[in-house]
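Student: Hello! I am new to this structure and would like a close look at one part of it. Could you pick a spot and walk me through what surrounds it?

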Amino acid sequence: MLDDLRWLGIEWVEGPDRGGPVGPYTQSERRRHYLEAWRKLLDRGLLYPCTCSRKDVAQSAGAPNDLDDEPRYPGKCRPASGVTQLRVRETADPAVTTGVNWRFRVPDGEEIRFTDLHLGPQSFIAGRDFGDFIVWRRDDVPAYQLAVVVDDAAMQITEVVRGADLLKSTARQILLFRALDLAAPNYYHCDLVRDAGGLRLAKRHDASSIRKLRDLGWTPEQVREGGKAGRREGKIGSGDPRRLCGDGRLARPRGEHHHGTNLQSPACTIFSFA
Ligand SMILES: [Zn+2]
């Protein structure tokens, strides 16, 4: 991924390859920070263990109303408000309870508002637009929502650029920032590029990755220009790789999504890497 970014002509001043003042920059080396946040949320009565499987949740939540988002958790394992969680509170590590997901209790009915730098004012209702979400996974790693909040705060990120499919996640993350007494960054959500069939480009749809175009002999300029052209048209034919990618390649960020930081590129860019 770093290699692909470099190839595209994007430079950065901090990162896993060159260090910096707020490292380490590799997620697997940051467990201590995530645990600290988990503990704080637990102490504040905002977490509870959930034993539901993904299938349980999908079934009881019914048909998803938003394909870009996870199903709303129906609250099966949610304890009554104010109930302190069992013995788990005595432990210092979620690993002790391996096999459960830890969920964040959202303030039902509260409106979460923020102004997106690209899409303008946004509003989501906690408990309606999204439910209690996972912050620590049953396989004992922090979930995306918690990891990015902890990292953004620790790394003093001021602006996050990513795809519009993450708008609701921004509302979730704002709740986490608040619960942890941290300042949230500003957000710029890019329009998603969709293929001719209306599906957003994502790896699982076999959209061309930057690496693939590179292997096909494209130059960085072609990739960047191709992306712009596709974006203007609002639609990209999946059969024509010359019109994919570049700064229009706004696929769903994955685990190691590029998430703001110090990229010195004005382009609105979230790439997917092979
Ligand atoms: Zn549950």
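Tutor: Happy to! Leaving aside neighbours within four places in sequence, R105 is in contact with L46, Y48, R78 and D132; contact here means that the C-beta atoms of two residues, placed from the backbone, lie within 7 Å. Residues are numbered from 1 along each chain as its sequence is written. This is a predicted model, in which local features need pLDDT of at least 70 and side-chain atom pairs count only at pLDDT 80 or more, while totals for chains, interfaces and linings use all residues.

R105 sits in the loop between β2 and β3 (111-116); strands are DSSP runs of E with at least two residues, helices are runs of H or I with at least four, and both are numbered from the N terminus. R105 counts as buried because it has 22 C-beta neighbours inside 10 Å. The rule is that a residue with 20 or more other C-beta atoms within 10 Å of its own is buried, one with 12 or fewer is exposed, and one in between is partly exposed, with C-beta atoms placed from the backbone. One of its contacts, R78, is 27 residues away in sequence, yet the C-alpha atoms of R105 and R78 are 7.7 Å apart in space.

Now for the strands. β2 (residues 101-104) pairs with β5 in the antiparallel sense over 3 bridges, where pairing requires that DSSP finds at least two bridges between two strands. F104 has F133 in β5 as its bridge partner. Both strands belong to an open sheet of 3 strands, ordered β1-β2-β5 with antiparallel pairing. β1 (47-50) and β5 are at the edges with a single partner strand each, so one side of each has no neighbour in the sheet. On average, neighbouring strands of this sheet are turned by 50° against each other, direction ignored; such angles, from 0 to 180 degrees between N-to-C directions, are taken between axes, which are lines fitted to C-alpha atoms, for helices over the stretch in contact.

Of the 11 residues of α4, 9 are buried, among them Y144, L146 and D151. After α4 comes Q156, whose phi is positive, near 55°.
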